[in-house]
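Here's a quick tour to read with the structure open beside you.

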Amino acid sequence: MRKIILTCAASAVILTIYMMTPFVPGVFAKKGYTPKEMTGMTIVAHRGGAGMGIENSLGCIGKGMESGADMIEIDIHLSKDGQIIVCHDRTIGRTTDGKGRISDLTLDEIRRFSLVDRHGQPVGEKIPTLDEVLDLIDGKCRLLIEIKHKKNVYKGIEALLVEKIKARDAYSWITVQSFNDSVLETIHSIDSRVRLEKLCFFIRPGRGKLFDGSFTEFNYDKYHFISSFNIFHLCVSRSLAEELHSHGKEIKMWTLTSPDKAVNMPVDGIITDRPDLWTKYRR
């Protein structure tokens with residue numbers, strides 16, 4: 001019994017060390033950027049710029065655009081009646097004065113409720129549809145759409161999204177990202193013109209592993225259609241950025257706040273709740 005306990009304890013320690021080592025570069029990295037270091041860097045307004053307003057709302061997205069962000073990031077789900085809804089969570093309980101899963105509600109049912117502020121007070125604005133966001137942005141800046149996908153929940157969301165991109169001929173300003181490989185593979189198989197980016201927590205190229213909520217195989221052939229790997233900021237190292245760049249891939253870090261405290265890495269993009277701080281800083 002003692003041997004079994006020691007073996008389990010040792011295994012737990014080894015697993016913990018393995019899981020924690022990707023965070024080491026970010027913890028000890030140089031902090032802060034100079035305006036010159038930010039030249040050419042894409043500033044992405046996370047959830048429209050969640051530190052500036054009600055996340056994923058039209059008002060917040062408008063503020064993100066006004067801040068000078070190069071790209072707006074939003075999250076999408078599919079309603080019961082097949083409408084693409086812009087919301088971070090699978091449920092509306094945190095962001096509105098209503099309750100329920102988006103997949104169990106129709107658009108009209110979702111529209112009965114108001115978005116709320118950080119104190120839970122209704123603000124009078126509704127959860128937007130993707131069409132409303134597309135009408136607002138309309139190529140004025142780029143748009144990064146994250147598909148929130150659980151197996152067998154949002155059947156057909158990939159094809160529906162591609163239809164909307166194609167109808168607006170928005171290939172030059174819409175990019176799709178996901179943690180889910182099957183989502184990205186499905187979109188690529190439907191229309192290879194759509195730019196795709198892979199969300200993950202960390203990558204260990206030397207060991208052929210990627211962690212996106214579960215450990216999966218990593219190699220460049222598998223992700224040949226991926227343009228950028230978007231990685232948790234504390235798990236980015238200079239060697240990883242150089243490795244990805246050497247294979248023609250971009251790299252973005254998520255989610256950061258101010259440029260003076262951010263880990264300094266040679267990345268192509270910053271995903272932030274406060275795009276205004278970054279765009280102001282790089283001027």
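Let's start with strand S6 (residues 195-200): five of its six residues are buried, so the strand is largely enclosed by the rest of the structure. Keep in mind that this is a predicted model.

**Who sits beside S6**

- Strand S5 (residues 174-178) pairs with S6 in the parallel sense, over four bridges.
- Together, S5, helix H7 (residues 181-190) and S6 form a right-handed β-α-β unit.
- S6 also pairs in the parallel sense with strand S10 (residues 228-232), again over four bridges.
- Here you can look for Cys-200, which stands opposite Ile-231 in S10.

**The nonpolar cores**

- In soluble globular proteins, nonpolar side chains tend to be buried together.
- The largest nonpolar core here has 71 residues, and Tyr-33, Ile-74, Ile-76, Leu-143 and Ile-231 are the ones that touch the most other members.
- Strand S2 (residues 71-78) gives this core its largest share, five residues.
- Another core, of nine residues, lies apart from it; among its members are Cys-87, Leu-105, Leu-115 and Ile-127.
- Back to Leu-143: leaving out residues up to four places away in sequence, its contacts include Met-71, Ile-72, Ile-74, Trp-173 and Ile-174.

**A three-stranded sheet**

- Strands of a sheet pair through backbone hydrogen bonds, either parallel or antiparallel.
- Which kind of pairing does the open sheet S7-S8-S9 have? Its three strands, in that order, pair antiparallel.
- Strand S7 (202-204) and strand S9 (215-217) are the edges, each pairing on one side only.
- On average, neighbouring strands in this sheet are turned by 25 degrees against each other, ignoring direction.
- S7 is joined to strand S8 (residues 209-211) by three bridges, and Arg-204 has Lys-209 in S8 as its bridge partner.

- Most residues other than glycine have a negative phi, and most peptide bonds are trans.
- Arg-47 isn't a glycine, yet its phi is positive, at about 55 degrees.
- You'll find Arg-47 in the loop between strand S1 (42-45) and helix H3 (58-66), and its relative accessibility is 16%, so it counts as buried.
- Asp-138 has a positive phi too, near 45 degrees, and belongs to the loop between helix H5 (130-137) and strand S4 (142-147).
- With a relative accessible area of 49%, Asp-138 is partly exposed.
- Finally, a cis peptide bond links Trp-254 and Thr-255, with omega about -25 degrees, and Thr-255 is in strand S11 (residues 250-256).

Definitions and conventions. Residues numbered from 1 in each chain as written. Predicted model: local features only at pLDDT ≥ 70, side-chain atom pairs only at ≥ 80, totals over all residues. Heavy atoms only, no water. Core = buried A, V, L, I, M, F, W, Y, C linked by side-chain atoms within 4.5 Å. Buried < 20%, exposed > 50% of the residue type's maximum accessible area, 1.4 Å probe, protein only. Helix = DSSP H or I, 4+ residues; strand = E, 2+ residues; numbered from the N terminus. Contact = heavy atoms within 4.5 Å. Pairing = 2+ DSSP bridges. Axes fitted to C-alpha atoms, helices over the stretch in contact; angles between N-to-C directions. Right-handed = clockwise from strand over helix to strand, strands pointing away.
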